[in-house]
Amino acid sequence: MRTVLVTGPGGAGRTTVAAATALAGSRRGARTLLISADAIPGFPSATEPARVTDTLWSVRTDSAEHFRSELLALQDQLSGVLGMLGGNHLDGEELTELPGSDQLALLHSLHRAAQGDWSRDGYDLLVVDLPPLREALALLALPEQLRRYLRRLVPQERQAARALRPMLAQLAGVPMPAHWLYEAAARRDAELAAVQALVEDRATTLRLVAEPGPAAEDALRTARTGLALQGARVDALVANRVLPRHSPDPWFAALAAQQEKCLDHWREEWAAEAPPVEVPHLGRDPQDAADLAALTGGDAVPVVDDRRTGRAENPWWIEESGTPDGADGPDGILIWCLRLPGAVKKDLQLVRRGNELLLTVGPFHRIVPLESALRRCTVSGASLTDGVLRVRFTPDADLWPRTS
C-alpha cells in the first residue's frame, strides 16, 4: 500500500490538499482511503470508512469517542482490583478527553488501516491528513518512543515480576494483575509496531503544504532538520494559495511579490528533495468536491508518484577513518554519520548513555540504539559540517578481542 502523509504549518490548507490528493489518486484508478480528523466539505463525516466515489473512501477520527471507549475498556479489565480498592466506576457520559487523546486516536486509525481492518480487499493508496507540522513530527516519532517506554517499564522478561508479585500483592493488599499487565503491554507493543512499520515503510512519503510567506519559510527550514532526524522522505512541497503574479492593484501586487520571493528561496533550498509545486488560490475557501476537482483537474495538486518513494532504510551510516595508535579492534576510528540539513551547531546536543545515543537538534529529539560495533567503542568527538553530523567512535581495547 502506498501511503502519503500530509502536513504543513497551521492554516496552510493541508486538509484541502490531502483531500485533493486522495481525489486525484482515486481518479487514476487507485482504491484510496482518506483519514482526517477534520470535516471536509462534500465528504462524509463517518468514523468508519464511507464511500465518496467508486474508488474513494474517507474516515474521520473521533478522538473523544476513542478516549471514552479505551478508558471504559480499561476500567472493565481492572474492575476486580478497583472493587477491592473501593473505587467508583465512571460512566461514559462523564468522561471528557484529555490532551494528547487526538494523537492516540490517529495512531489507532493508522493501525486499523495498516492491518486491513477496514477493507477486505485492501487499499492501493492511503492519504493521511496529519496535524500541523510541529505536532505531526512529534506524532511520527511517537510509536517508537512509546514502544521504548513500554520495554523499559514492562520488560518482556517476566522472571523478576513473578518473584516480586507476592511481595507487591502483600504491600498493596490486593492481587497484582501481572499476567494481564504483560498481555496488555504486548498487545500495545504489537499495535505500535504496526504503525511504526507503516511510517517507516519505503512506500510511505510525506507531503508538505505551506502558503508562501516568511512564517512558512521559517517553519519549513526548521522542519527539514526534524524530517531528516526521523528519516522521512518528502515527495512534494505544495505551495498552496499562490496569487496571480500580475495585478494593477499595488496592495495585491505586493503580496504576490512576497510570495514569489519565498518561492525563489524554496526552489533553491528544496531543489534536490522536492521542488515546490504551485497550487493557485481559488479566490475562496473550497466549498465542496467540485472545488477540489478544480484543483486536481489541471494537476495543480501533484499526483502520487511511486518514483518518489524510497525512504532510506537507515538515515545514518558508518564510515571508517585512520587507525588510532595502539588500538586493538577494527582498522580505524568508526564515524557515525547523519544528514541534518539546516541544523545549527549551538542547537545540537549529544549524550551517550549505555548502548543508546540521545540526539537533540533544536526542538527535535530522538534516541538511537547503537549498532553492536559502536557499543564496543568510546565517543572521541563530533562535528557538524555541510549539514552532516559525524560522531567519532574509538574502539575500546578492553571490549574488542585482542589479536596476536
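Which side chain does a polar contact of 3.2 Å join to that of Thr21? Select Arg207 to find out: the side chains of Arg207 and Thr21 meet there. A polar contact is a pair of N or O atoms within 3.5 Å; within protein, one must be able to donate a hydrogen and the other to accept it, and residues adjacent in sequence count only if both atoms are side-chain atoms.

Before moving on, note that this is a predicted model, where local features need pLDDT of at least 70, side-chain atom pairs count only at pLDDT 80 or more, and totals for chains, interfaces and linings use all residues. Residues are numbered from 1 along each chain as its sequence is written, and side-chain values use heavy atoms, with hydrogens and water left out.

**Stop 1: Arg207**

Stay on Arg207. It lies in strand 6 (residues 204-210). Helices (H or I, at least four residues) and strands (E, at least two) are DSSP runs, numbered from the N terminus. Now show Asp235: a polar contact of 2.9 Å joins its side chain to that of Arg207. Arg207 is buried, at 1% relative accessibility. Buried means under 20% relative accessible area, exposed over 50%, partly exposed in between (1.4 Å probe, protein chains only).

**Stop 2: Arg148 and Glu356**

Select Arg148 and Glu356. They form a salt bridge, with the closest N and O atoms 2.8 Å apart. Arg148 sits in helix 5 (residues 133-153) and Glu356 in strand 12 (residues 356-361), so the pair links distant parts of the chain, 208 residues apart. Both residues are buried. A salt bridge is a side-chain nitrogen of Lys or Arg within 4 Å of a carboxyl oxygen of Asp or Glu. By this rule the count comes to 23.

**Stop 3: Glu48 and Arg112**

Next, pick Glu48 and Arg112. Their salt bridge has its closest N and O atoms 3.2 Å apart. Glu48 lies in the loop between strand 2 (32-36) and strand 3 (50-53), and Arg112 in helix 4 (residues 101-115), so the pair ties together parts that are 64 residues apart in sequence. Glu48 is partly exposed, at 39%.

**Stop 4: Glu65 and Arg68**

Move to helix 2 (residues 63-77), which holds both Glu65 and Arg68, 3 residues apart, about one turn of the helix. Their side chains meet in a salt bridge (3.1 Å, N to O). Glu65 is partly exposed at 40% relative accessibility. Arg68 is partly exposed at 24%.

**Stop 5: the cysteines**

Finish with Cys262 and Cys337. Cys262 is buried at 3% relative accessibility. Cys337 is buried at 0%. A search of the whole structure finds 0 disulfides, a disulfide being a pair of cysteine sulfur atoms within 2.5 Å.
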